[in-house]
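Visitor: Please take me through this model. I want to know what each label rests on.

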Amino acid sequence: MGTKPRVLIVEDEIIVALFMEDVLAEFGYEVAGVVGHLDEAAAREPDYDMAVLDVHLNGRSVFDFADALTVRGIPFAFATGYGERGIPDRHRARPVLQKPFQPEDLRRVLEQIRPAQAA
Amino acid sequence: MNLYLNRRMTLEPREFLAGGGEMGAAIRAFNWAEGPLGAPDGWPQTLKTCLRIMLASRQPMWVWWGPELINFYNDAYLPIIGGKHPGALGLPAREVWHEIWGQIRERIAGAMAGEATYSEAEMLVMHRNGYPEETYYTFSFSPVPEEDGTVGGIVCANTDDTDRVIGARRLALLRELASRTWDADTVDDVYALSAKALAADPRDMPFALIYRLEDDGAKATLRGTTGIAAGHVAAPELVALDGSSPWPISDVIRGGPRRAVGRLAEKFAGLPTGPWADPPQDALLLPLSTSAEAAPRGVLILAANPYRRPGDESFENFAALVARQIASAIVSIEAFEAERERAKSADILVLEMEHRRRIERHQNLLLDELNHRVKNTLATVQAMAMQTLKDVDLPARDAFLARLFALSGQHDLLTLDNWEGASFEGVVRRALRPWREDNRARFHVAGPAVHLDPKKALALGMAFHELASNAARYGAFSNTTGTVHVSWTISPEDGRLKLVWEERGGPQVAQPERRGFGLRLIEYGLAREISGQVHLDFRPEGLICTWDMKL
């Protein structure tokens, strides 16, 4: 189904990423890809409608990439073990998924950020 | 006419010396006939004219006449020639002023060759009273031409500049002292800079010592010297205030006014002489205090000019001003230092707070990082469970995940407080959150504020989770009407916390046949973690769980 929203998963814990892949598929999303490195994420063509961003990837924080997504107008949510305290002010309005999260939590967040035209 | 002329002639030799005060009389009375100039009757007119002018003048003047430069002077000159009078009259100038002859000889020779000179405020160390004196004179040597064009002698007008010159340099020194000590940052600076400033006036003070009274009040240490090396026999670097010092420093410190010390040469060998040919003979010791009442900070020792005018009090007055000036600088720096110390301690406080903040920030970062890893690990474990148990035993998977989330939730709670612990109520609410969403009205939580350390908080959180999930499966939450009452109290006697978990309105409860993981966790695990007792009472109307724990 070409109308499924495409989601980019930015997550360096591969098992968590696999889990998210399964959950996303279950909820009717298409996984555009899983990337575990920020360089990879930044270099990637924006072939996705939305993204879930692990806040820390291999010791680097994801906020620069979040800025890039903001500029492109691509909606996203954070997934983090830090809680909201670790999120800079400019991204405070974004939904935050507390790790570990239930599949239900992920679905709720994705629905929050899902672009209307892709719905 | 002739008679008249004769009379005039006979009167003339004495007439030109008429009047002229004491010196006029002395010259008249002097037996010139036996000297090189011969009797006044035969003196040339130019000499007579010169003497008339000299004797009539109120300015100190002398006339030196003939190749021998025979000495005449007037009343105004008497204080200058001092003890040399009256013997100096009629003597060759070279003999009268032997001590300064070398200094003026060339100018005298020049004047005798017809060349006038003018010397302004020139220092002359005169021995007019039997000892050398520092004096300053402005004087002019004017050659007196004879009728034949040769120079018959010299007439000289003098102005005594001694007081003006010495006064000016003392004022300059006080200014120097003020401007030098202005740069001081510390009290020690004041001592060192003052000593440097005193070096500007070595004529008044061939050497000077500045001692600082140490805090113990038992000794003074040398903090500044000028004109003498520290450690010289007259400049001991440490002086005990027990009266053993060659300088009466202790007397001055103990509230005495200034002290004069004489016969220095007998007390100290090899004293420096400063700009003079002779060492100082006496010295003044002055307390470094801003007023007679103020406690002295130290003692200033000023060796006095050996050539100063005896009986002249101006040096004592000057020395007192110097001491006062140094003391003021010390006192104002003391105030400044005290202010700076206060400021510094305020700075240190700020630095300490900044340091503490930095440590806290660092700690927060570490805790965040730790939490991140814990949560990521939990997320990974959760994901593995979801994957592994996807198709088997759904209730088991959910129970497992629920426990995992309970653990995770308690971690969150602790993270909020930087792992410093959590409130009892917070732990309860966080543990019951999955059930509270739908059963808000069925929970009754009440108890005083209690702080739990992280270990207890985690253990209690997991225990509440197990109690709540047990209630959901078998107890008060397994129907739609049951309620749970959680209450705790602190015993005023022993400070122990007593908690009651009471379920009401659920289905009838039966004693479980076997204790599952959850109940065992509560009964044994919790009891051990909280170093207390846990009692489970499966009463038919509802479970009652009581804890008794030490806080």
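Guide: Start with B:Ala121, which sits in strand E3 (residues 117-126) of chain B. Helices (H or I, at least four residues) and strands (E, at least two) are DSSP runs, numbered from the N terminus. This is a predicted model: local features need pLDDT of at least 70 and side-chain atom pairs pLDDT 80 or more, while totals for chains, interfaces and linings use all residues. Residues are numbered from 1 along each chain as its sequence is written, and chains are lettered from A and ligands numbered from 1 in the order in which they are written.

Visitor: Why is B:Ala121 called partly exposed?

Guide: B:Ala121 has 15 other C-beta atoms within 10 Å. With C-beta atoms placed from the backbone, 20 or more within 10 Å means buried, 12 or fewer exposed, and in between partly exposed. So B:Ala121 is partly exposed. Its phi is near 45°, a positive value in a residue other than glycine.

Visitor: What makes B:Arg263 count as exposed?

Guide: B:Arg263 has 9 C-beta neighbours inside 10 Å, so it counts as exposed. Its phi is positive too, near 50°, and the residue is not glycine. B:Arg263 lies in the loop between strand E9 (259-261) and helix H10 (264-267) of chain B.

Visitor: How do you know that E3(B) pairs with strand E4 of chain B?

Guide: Pairing takes at least two DSSP bridges between two strands. Eight bridges join E3(B) to strand E4 (residues 133-145), and the two run antiparallel. One example: B:Leu124 has B:Thr135 in E4(B) as its bridge partner.

Visitor: What makes E3 of chain B an edge strand?

Guide: E3 belongs to an open, antiparallel sheet of five strands in chain B, ordered E2-E1-E5-E4-E3. Strand E2 (70-73) and E3 each pair on one side only. The twist averages 30° from one strand to the next.

Visitor: Why is H7(B) called roughly antiparallel to H8(B)?

Guide: Helix H7 (residues 162-182) and helix H8 (residues 187-198) of chain B pack at about 150°, with axes 9 Å apart. Angles under 35 degrees count as roughly parallel, over 145 as roughly antiparallel, 65 to 115 as roughly perpendicular and the rest as oblique. Therefore H7(B) is roughly antiparallel to H8(B).

Visitor: Which residues of H7(B) and H8(B) meet?

Guide: B:Leu173, B:Glu176, B:Leu177, B:Arg180 and B:Thr181 in H7(B) meet B:Val190, B:Leu193, B:Ser194, B:Lys196 and B:Ala197 in H8(B). Contact means C-beta atoms, placed from the backbone, within 7 Å. By class, that is five nonpolar, two polar and three charged residues. Ala, Val, Leu, Ile, Met, Phe, Trp, Tyr, Cys and Pro count as nonpolar, Asp, Glu, Lys and Arg as charged, and the others, Gly among them, as polar.

Visitor: What makes H8(B) roughly antiparallel or roughly parallel to H11(B)?

Guide: H8(B) and helix H11 (residues 314-388) of chain B pack at about 155°, with axes 8 Å apart. That makes the two roughly antiparallel. In H8(B), B:Val187, B:Val190 and B:Ser194 meet residues of H11(B), including B:Ile326, B:Ala329 and B:Ile330. The contact has six nonpolar, one polar and two charged residues.

Visitor: How many residues of chain A are in contact with chain B?

Guide: 13 residues of chain A are in contact with 19 residues of chain B. Helix H1 (residues 14-26) of chain A gives the most to chain A's side, with four residues. That side has six nonpolar, five polar and two charged residues.

Visitor: Which peptide bond from A:Lys99 is cis?

Guide: The bond to A:Pro100, with omega near -10°. A:Pro100 is in the loop between strand E7 (96-98) and helix H4 (103-113) of chain A. In chain B, a cis peptide bond joins B:His85 and B:Pro86, with omega about 0°.

Note on methods: Axes are lines fitted to C-alpha atoms, for helices over the stretch in contact, and angles run from 0 to 180 degrees between N-to-C directions. Two residues are in contact if their C-beta atoms, placed from the backbone, lie within 7 Å.
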